[in-house]
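These are my notebook entries on a single chain. I set down what I looked up, entry by entry.

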Amino acid sequence: MKNRKALLIIDMQKGSFTSKTPRFDTEGVVRRMNELSRLFRRSEFPVIYIQHDGTGTGEFEKNTSEWELLDALTIEPTDVLIDKYANDVFYHSELQSKLEELNVTELLITGCATDFCVEATVQSALVKDYDITVVSDGHTTGERPHLAAKKVIEHYNWVWQNMIPTKGKIEVKSLEEIRNEMPTTGKAYFAPNR
């Protein structure tokens, strides 16, 4: 079987998007995630939603409303749902075994929060030798005490662009750049919206 790509959508849960925890450009980020998801499904590549399971902590308790994914996300029955237990989505989760089962070697990473779960996952995937593309306009975070959310996102996009990869590679690309790289002949990796 050939190498496969997967789209990871991390922690886009109701409990992370409240009036007390506003996120930068939530509507735009969700719209871009939905478009990427459609493109992946059309190319028969997996879309994997990661949900923090905080069972026993009093937050993000499994099967509560704050644990649920945002209503605005388009989730299909073919999508994979995986629980995580720490910022790093690989930590004690089924993600690694699912990626191996699906023969995935390349990850496109999106989600919330840029400076916590997305960053920890990028670092973890990098040392596991995955080829990584962080979707530059596909992750979000909230305001921080000393830095605005938009600046946090810009900072981490810069960090990831300048990291030294292991055996894999790491790139940071916008949805538009990803769309523009679509092949014009043969079976396209991504297909335009129809």
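In which helix is Q96 found? I located Q96 in helix 2 (residues 95-101); helices here are DSSP runs of H or I with at least four residues, strands are runs of E with at least two, and both are numbered from the N terminus.

Basis of the entries. I worked from a predicted model, in which local features need pLDDT of at least 70 and side-chain atom pairs count only at pLDDT 80 or more, while totals for chains, interfaces and linings use all residues. Residues are numbered from 1 along each chain as its sequence is written, and side-chain values use heavy atoms, with hydrogens and water left out.

The cut-offs are under 20% for buried and over 50% for exposed, with partly exposed in between (1.4 Å probe, protein chains only).

Entry on G58. I placed G58 in the loop between strand 2 (47-52) and strand 3 (80-84). G58 is exposed, with a relative accessible area of 55%. From G58 to I178 I recorded 39 Å, C-alpha to C-alpha, at 120 residues apart in sequence.

Entry on the strands. I found strand 4 (residues 104-112) paired with strand 5 in the parallel sense over six bridges; two strands pair if DSSP finds at least two bridges between them. I109 stands opposite V134 in strand 5. The chain passes from strand 4 through helix 3 (residues 114-127) to strand 5 in a right-handed β-α-β crossover. Right-handed means that, with the strands pointing away from the viewer, the path from the first strand over the helix to the second runs clockwise.

I then followed strand 5 (residues 131-140) to strand 6 (residues 170-173): these run parallel and are joined by four bridges. V135 has K173 as its bridge partner in strand 6. Strand 5, helix 4 (residues 149-161) and strand 6 form a right-handed β-α-β unit. Eight of the ten residues of strand 5 are buried.

Entry on cysteines. How many disulfides does the structure hold? I counted zero disulfides, a disulfide being a pair of cysteine sulfur atoms within 2.5 Å. The sulfur of C112 lies 7.4 Å from its closest cysteine sulfur, that of C117, and this is too far for a bond. C112 is buried at 2% relative accessibility, and C117 is buried at 7%.

Entry on the largest pocket. I recorded a volume of about 430 Å³ for the largest pocket. Of its 22 lining residues, G15, S16, R23, E59 and F60 are the closest to the centre. A pocket is an open set of points on a 1 Å grid over the protein atoms alone, where a 1.4 Å probe fits, with protein on both sides within 12 Å along at least five of seven lines; lining residues have an atom within 4 Å of a point. The volume is the space filled by probe spheres set on the points, which are joined across faces, edges and corners.
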